[in-house]
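Have the model open as you read.

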Amino acid sequence: MRWDQFRRSGNIEDRRGGGFRMPTGGGRGGLGIGALMILGIVGWALGVDPRILISGAEMLSGGGSEYVAGEQSSPGTPADRDGQFVAAVLGNTEDVWGKVLPQQTGTAYSEPGLVMYTGGTRSGCGAAQSAMGPFYCPLDRKVYLDVDFFEEMRNRFRAGGDFAYAYVIAHEVGHHVENLLGILPKVQQAQRQAGSQAEANRLSVRVELMADCLAGVWAYHSNTGWNALEPGDIEAALNAASAIGDDRLQQAAQGRVVPDSFTHGSSAQRMRWFTRGFQSGKVAACDTFAAQQP
């Protein structure tokens with residue numbers, strides 16, 4: 001991926017290395033009740049099964065620690081390689097969506113913030129932990145990213161490479177686009193009114209697949225406008241989409257697949273919708289809610 005040519009975004013907050021952790025007593029696996037409640041709330045707000053967040057937090061915390069504020073935030077573009085990469089990709093999403101969104105939908109694009117952190121931080125949606133993976137918080141309109149997730153993609157999911165990492169950022173920015181289009185508030189209301197968790201999960205899957213498709217739309221315009229892609233980049237993104245499909249993650253974690261508990265979509269669905277966005281370059285092609293079967 002040719003990202004060196006991208007404009008660097010100034011909408012970065014670098015909180016890496018700030019704050020501290022203090023041990024907590026009680027709770028499942030050492031997680032305090034406050035952390036459990038926050039993970040449950042965040043899971044519901046973002047359409048993620050809270051049990052997945054809690055179990056992931058327990059595994060990575062190794063017996064429990066709760067993030068305590070006291071961090072330092074450095075605004076602007078970080079100078080290190082990870083910071084430069086994130087700022088470059090975010091800057092390119094700004095340049096793409098700043099033109100594409102009003103042209104195709106009539107909606108003005110307001111740029112999201114992106115917070116880089118280490119281990120844990122605070123967000124408008126509650127506490128953020130690396131165990132949760134990258135996520136977008138619609139309440140403060142910021143993407144939260146612990147760049148150690150890139151190492152996890154490379155080592156655990158065998159889905160490394162700059163464009164695979166860019167796809168992850170573009171996916172979260174896709175949620176911001178959904179928010180600007182008024183989709184996220186409607187889905188969250190529909191989830192609260194859902195008759196079952198399975199029904200709420202199905203709505204979450206459509207939100208996530210739309211974000212995958214919007215990441216593909218960004219990739220299309222990034223390539224046509226900046227000649228950003230190199231051989232193997234699309235394959236790397238598809239490999240990443242496949243590696244973090246619900247079916248593969250569930251099979252690896254519990255040895256079986258439970259479709260009703262999917263919150264992000266299967267590997268095949270995630271690859272298909274990213275490809276659809278990339279081949280079309282059209283926001284209208286990403287309407288997962290109009291599709292009978294996403």
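A disulfide here is a pair of cysteine sulfur atoms within 2.5 Å. By that rule, the count is two disulfides. Before going further: this is a predicted model, where local features need pLDDT of at least 70 and side-chain atom pairs count only at pLDDT 80 or more, while totals for chains, interfaces and linings use all residues. Residues are numbered from 1 along each chain as its sequence is written, and side-chain values use heavy atoms, with hydrogens and water left out.

**The cysteine links**

| Pair | S to S distance | Torsion about S-S | Hand |
|---|---|---|---|
| Cys125 and Cys137 | 2.1 Å | about 95° | right-handed |
| Cys213 and Cys286 | 2.1 Å | -75° | left-handed |

Where do Cys213 and Cys286 sit? Cys213 is in helix α7 and Cys286 in the segment after α10 (267-280), so the link ties together parts 73 residues apart in sequence. Cys125, for its part, is in the loop between β6 and β7, and Cys137 is 12 residues away in strand β8 (residues 135-137). Helices (H or I, at least four residues) and strands (E, at least two) are DSSP runs, numbered from the N terminus. Number the bonded cysteines in sequence order and the pairing reads 1-2, 3-4.

Are these cysteines buried or exposed? Buried means under 20% relative accessible area, exposed over 50%, and partly exposed in between (1.4 Å probe, protein chains only). Cys125 and Cys137 are both buried, and so are Cys213 and Cys286.

**Helix α7**

The helix that holds Cys213 covers residues 197-226, 30 residues in total. From first C-alpha to last, α7 reaches 43 Å, close to the 44 Å expected at 1.5 Å a residue (the expected span is 1.5 Å times one less than the number of residues). Of its 30 residues, 22 are buried, so α7 is largely enclosed by the rest of the structure.

**Strands**

The chain has 10 helices and nine strands. Two strands count as paired if DSSP finds at least two bridges between them. Take β5 (residues 113-116): Gly113 and Val115 point one way, Leu114 and Met116 the other, and all are buried. Strand β5 pairs with β1 (residues 12-14) in the parallel sense over three bridges, and four bridges join β5 to β9 (residues 142-145), also running parallel. Met116 is the bridge partner of Asp14 and stands opposite Leu145 in β9.

The β6 and β7 strands are another matter: β6 (residues 120-123) and β7 (residues 126-129) run antiparallel, joined by four bridges. They form a hairpin with two residues between them, and Arg122 stands opposite Ala127 in β7.

**The core**

In soluble globular proteins, nonpolar side chains tend to be buried together. A nonpolar core here is a set of buried Ala, Val, Leu, Ile, Met, Phe, Trp, Tyr and Cys residues joined through side-chain atoms within 4.5 Å. The largest has 64 residues, and those with the most contacts inside it are Val86, Trp97, Phe163 and Trp218. Apart from it lies another core of eight residues, among them Val115, Tyr117, Ala128 and Met132.

Contact means heavy atoms within 4.5 Å. Setting aside neighbours within four places in sequence, the contacts of Phe163 include Met1, Trp218, Leu229 and Phe274. Of the 294 residues in the chain, 53% count as buried.
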